[in-house]
Amino acid sequence: MAERATGRQSILIIGGGASGVVLAAHLLRDPDADIRVTLIEKREAFGQGVAYSTNLPDHVLNVSAFGMSAYADDPEHFFRWLVERGLAEPDNPQIYVPRSLYGEYLREILDRLNEQEKGTGRLHTLNEACQSVATTPSGVEVKLANGTSLVGHIAVLAVGHEEQAPPDHRGAIRPGSTEDTPLPADASVLVLGTGLSMIDLWLSLENRGHSGKIVALSRRGLLPAIHRRGKPIRLDAADVPLGTDLSYFIRWFRRLVRETEDAGGNWRDVVDGIRPFNQRIWQSWPSGAKRRFIEHTRAWWDIHRHRMPPVLHERVSRALAAGELELLPGKLESARKDGDGFTATIRPRHKQEAVTLKVARIYDCTGITTDLSTGSNPIVRSLIERGLARPDPLRIGLDVTPGCAIVNAEGAASTRLFAIGPLTRGTFFEIEAIPDIRTQCSALARRLTEKVA
Amino acid sequence: MLTKKGKYGLKALVHLSGMPVGQLAFVNDIAVANNIPKKFLDAILGELRNAGFVQSRKGKDGGYRLARPAAEIKIGHVVRVLDGPLAPIPCASRTQYQRCEDCDEATCQVRHMMLEVRQAVADVLDNRSLAAMRDADNDDVLQDIKYHI
């Protein structure tokens, strides 16, 4: 409590990607909050993380400009930024801009914060990898790769997406990782996953002039649906069934889609209209419903929820028709190292006989996170090993409270350790996109700064 | 607001939440103890089963029990299953909207106010668990007893 006597609450944010920067921005929004924020990032650039470090113009945001403001209470912030730079027309907020621009936007927010906080000592940024975090009697201690450590009152994990393929996808690598070295243009490639990450990879390969066959494999082989402008239906929480079994909910959802279509609308209007309640619905479900959703419904939900712009869909359709890209419903049974590449054994869906495929490389675009305790992130692993954290019941992230507090091995919520972003998906379900992350960051910032006041 | 169906359903759930964990209750016992017509109760419990709040076993020793702990069942969630969207009047619902014959919904101030009311109703009912409702009742009884002593 001695540190509290100085009045200044010290908050260490581990991870300076999109969610880390957005949290810092919300923490510093109140000029009177007596805090000290330290943003720690292992990469050279802040505000990029995995999603926004791409330079490919074809890699566009899949949320329109209005959804992408870093500030929950100022949804037009990003759009204004675009207009000021002549990158968007004032009368067209429904644009999907390249992701690299978004990285630039976040970097500028951080630059501006640094400028604004010069002399106040409220913001510090540090380029260093973190190795572990632990609680101490008076706060937290973060050990850095350079051998030094930082102490503070509160640590927030904003480490984003797992950067390595899960161990059961043996031999597969994640696009953009260090193992992702240039391939011969005619190399045949197997991609695990048929969602938007696969599309991203296909775009990168196509952009490099890749001519080899690309086979994309997933259990059902479903491609993301197309974006169309619509009119999301209006719902209140009082309309939405909560806490029910999955089958009951799905019956309700299907009926609502039917009614909306009968009234001249479209399924997209329901999928988008229900979005404000997604987290509440997820949190209300019994664990059995959550498990069944992940197992059976998620693939179907994802392709309707995370859609492609029409122009992109057209390009993908052409590649499919030309046979450059193939969607294969099925399961990877094994991948055997074979010379420079792999021989993959695949069992196509609803078929008894397996097929083999010789490929130069296997990419993992499944987005599936396997058990965090065996993941590649040393901080998360060290927290779990020490019993300071535990995986959530579905083992898709860390167990956190709806207030983002990390839950320890005994089930107690920490007052010093917090997590935001994809790590919290067990509790928050959809927590990958900015509209959800900024809401989460705004609420956490409010709670953390309230403690100070 | 709350229909008879909703009220009976909640009473039946309170009854089930008072059973020893895992033990089944006979429909007849629930009906008699709570003064609910048995046929109506059968239908209500069937709907609660479809929504995943209770489990049943058929046969001579058959009956109902809660599908999960009473602390995890929220009153508002049950009411939505039995009575539909929380709405003080039929026009104040977005999914099961029923137009009033006698007014224009765009300018109706009453509807406007009732849309706000349903928010408040959801805020209360979605934050009260079946266990809390059951125990609140007991507290009142205890207080009564204390008072009489």
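The structure is a predicted model, in which local features need pLDDT of at least 70, side-chain atom pairs count only at pLDDT 80 or more, and totals for chains, interfaces and linings use all residues. Residues are numbered from 1 along each chain as its sequence is written, while chains are lettered from A and ligands numbered from 1 in the order in which they are written.

Chain A has 13 helices and 15 strands (DSSP runs numbered from the N terminus: H or I of at least four residues for helices, E of at least two for strands). For 453 residues, a compact globule would have a radius of gyration near 22 Å, and the 23 Å of chain A agrees with this (taken over C-alpha atoms; the rule is 2.2 Å times the number of residues to the power 0.38). The C-alpha trace of chain A spans about 70 × 60 × 50 Å along its principal axes.

An open sheet of six strands in chain A runs in the order β3-β2-β1-β7-β15-β14, with mixed pairing (two strands pair if DSSP finds at least two bridges between them). At its edges are β3 (123–127) and β14 (405–407) of chain A, each pairing on one side only. Strand β2 (residues 35–41) of chain A pairs with β3(A) in the parallel sense over five bridges, and A:L39 has A:T125 in β3(A) as its bridge partner.

What encloses helix α2 (residues 18–27) of chain A? Ten of its ten residues are buried, so the helix is largely enclosed by the rest of the structure (buried: 20 or more other C-beta atoms within 10 Å of the residue's own, with C-beta atoms placed from the backbone). The buried residues of α2(A) pack against β1 (9–14), β2, α4 (99–116), β3, β7 (154–157) and α13 (434–450) of chain A.

Between the chains, 15 residues of chain A are in contact with 21 residues of chain B (C-beta atoms, placed from the backbone, within 7 Å). The side of chain A that touches chain B has eight nonpolar, three polar and four charged residues (nonpolar: Ala, Val, Leu, Ile, Met, Phe, Trp, Tyr, Cys and Pro; charged: Asp, Glu, Lys and Arg; polar: the others, Gly among them).

Terms used. Contact = placed C-beta atoms within 7 Å. Buried ≥ 20, exposed ≤ 12 C-beta atoms within 10 Å, placed from the backbone.
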